[in-house]
Amino acid sequence: MRATVHGLADKIGDSALRRIALVLGVGAVTCIVGALVLHHELTERVSVEPMFASDLVLGSVWPVAGVVLLWHQPRNRCGWLLVATGLISVYLLLGQYSVWNAKVSPLPGSAVADWISMFGFGVYFVVLPLLTLMFPEGGFGSRHEKMLAISALSAAMAAVGARMVVPGRADVDAAVQNPIGIDALEPLNYVTLVSSFYCLAVATPLAVVALVLRTRRAVGVQRAQLQWFMVGGIVMACALILALLLGETGPGNAAFVIALLAPPVAVVSATLRFRLVDAEFALSRSIVLVLVVALVAAGGGLMLWRLDPGLAGSRAGIALVVVLVLGAFAVRAVLQRVIDNWWFPQLRGSRTLAPRISEAVTLSAEPRAALTDLISALRTELRMPYVAFDGVVRAEQGVRPAHLVTIDAIALGRRVGQLEVAPRRVGEGFSAEERRLLEQVAAHAAMMAYATSLVAETEHSRARIVAAREEERRRLRNDLHDGVGPGLAGIALQMDALAAELRRKGDDAHAAKADGIRDRVREAVVQVRAVSRGLRPPVLDQLGLAQALRQLVDGLGAIEGVVQLDDMGELPAAAEVATYTIAAEAVTNVVHHSAASRVRIDVECDEENLELRVSDNGRGMPSRPTPGVGLMSMRQRAAEVGGRVEHLAAQGEERWCGWWCPSRPSLFRERLCVNDIGARG
């Protein structure tokens, strides 16, 4: 059914909807005029109960306000709700028709008019909570608001249903009785009483609370509209209080009329978006004024009651009230500051965001972390559902929605990315002040992203230098091991043969000199081999990285060694050396310090990432181990190729992780994670 109604509404054009709204509004005003004419004629002939001006306002001004809203937004359900209050005008007209039938002369269809006069006022109960929940877009902001609206509508329907069948008089006049009233159903009057109380005393205040929360979250045009509506609500509440204090007098009735005029006037003001007075200024000043008046009234009443009720109206009492007024206005500035801080979060956010930016810049260890902290601060302080920076680096907070506002991030005259921000509500933008604040944040984010790119370029340059160094070391080792070393060893053998030949010929002096040269050459061979081993672990060239890692855990005695390796392919020299030396140091730590019975080496490798884990079941490490020579060595090896060391003792593993790009083998980054599995076994 709902889909059918929406489909029918979609088929009707905006022009047709405007005409329908105009006809209904004119009809409501016409019914009010007809009711006034009938009432005037009745007062000329018989004694009748007066008509309430508040009913006339609700049946005429509210539908007209609905027409104004629908003229600008033909599909806004708030406008149709306001137009629906025109049912009050029909109720008033039929009520006077019933009174004429009862007191002047019979009229056709009077029974139907009498029956409608029993319950036609039901729109009173539901229009205020529904309008408060639906304004300005005509929908509900949350499931809780929708449930509250359903409960209010259900209570209003229960009240109307009970009034349809209970016996008794109509509100318009005692002479009008319910033509289908059933005496046995008279207790249903309590249903009407409870339902109306729920709508007016429970649902309406809850709707006001929901309105306040929704307004605090809103931004842009919608926030201005909601604030205009809240100004009308404050005027209505104050006028209603005044009407209750004055009672059923002329001023009291006038105050009640003003109370019912405030919401439609606020709706029209919000719809036309008058700029004569700023909505935020009007709302905040209205709230503070109400608080000041309430403090004066409550304080004065309490003091007069506690001191001497007879002071009221006396000079001393007046002086006491004057002192209270002066005191209240003395704290008005404090109240204004408190209300502004609570009600306008974007203003508070703009003040608190600057220290958060400074904190992110000064306390973060690297530009990327500072950028992440900045994005988080922006989302937290301004209560944004999603904030992200997309450019040379990316950082985001929240769940990415479909609608985003993007702001270019410029650093040193160069665009380095964009700031992406999701409005607090779908379809809204940001005020001029919020836009300026976001542009400032985008500028800060641009500088952080630019610094991050410079750091990355520096790390890449260092990685290329280290990779080139390791490749050169491998070449030098091969040259020394395969060229210089064997050549010197050959010379030593030749000198040894020369010395033997000289001794055979009896030339002992020259033989001794040949032996000395041979010994010095052999020392040179030892030194060359030492240099060769220092340039690159020999086992990598003799066995390869995979077999070298297996050899690390073979022959550990009581410690069981397990190795699980992926196909690592051909790695850059820097990757091989860093992987082997860090793994060797980790295994050494296991043997010397863990008291473990098992050690395991795992290597996972794909086209981009290489991860090595060395885990054991030993005694474990503290969460923050004191770095010794071994840990410092591993950190240095990782730092040489742009990596870092992490200690994750709670996870229970000691592992080394690295990732590299085969298309650019000189760019190699790695990470060392030292963990501890303790008694996990």
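## A salt bridge, a helix pair and a surface patch

Glutamate 145 forms a salt bridge with arginine 214, and their closest N and O atoms are 3.2 Å apart. Glutamate 145 sits in helix H8 and arginine 214 in helix H9, so the pair ties together parts that are 69 residues apart in sequence. The model is predicted. A search of the whole structure finds 18 salt bridges.

Two packed helices are described by the angle between their axes and the distance between the axes. For H7 and H8, the angle is about 170 degrees, and the axes lie 9 Å apart. Angles over 145 degrees count as roughly antiparallel. H7 and H8 are therefore roughly antiparallel to each other.

Which residues in H7 and H8 meet? The table lists them.

| Helix | Residues in the contact |
|---|---|
| H7 (residues 123-134) | Phe125, Val126, Pro129, Leu130, Leu133 |
| H8 (residues 143-165) | Glu145, Leu148, Ala149, Ala152, Leu153, Ala156, Ala159 |

The residues of this contact divide into 11 nonpolar, no polar and 1 charged. Glu145 is among the H8 residues in the contact.

Which helix gives the largest share of the patch? Helix H2 (residues 14-45) does, with 3 residues. Valine 64 lies in helix H3 (residues 53-72).

Conventions. Residues are numbered from 1 along each chain as its sequence is written. This is a predicted model: local features need pLDDT of at least 70, side-chain atom pairs count only at pLDDT 80 or more; totals for chains, interfaces and linings use all residues. Side-chain values use heavy atoms; hydrogens and water are left out. Axes are lines fitted to C-alpha atoms, for helices over the stretch in contact, and angles run from 0 to 180 degrees between N-to-C directions. Helices (H or I, at least four residues) and strands (E, at least two) are DSSP runs, numbered from the N terminus. Angles under 35 degrees count as roughly parallel, over 145 as roughly antiparallel, 65 to 115 as roughly perpendicular and the rest as oblique. Contact means heavy atoms within 4.5 Å. Ala, Val, Leu, Ile, Met, Phe, Trp, Tyr, Cys and Pro count as nonpolar, Asp, Glu, Lys and Arg as charged, and the others, Gly among them, as polar. A salt bridge is a side-chain nitrogen of Lys or Arg within 4 Å of a carboxyl oxygen of Asp or Glu.
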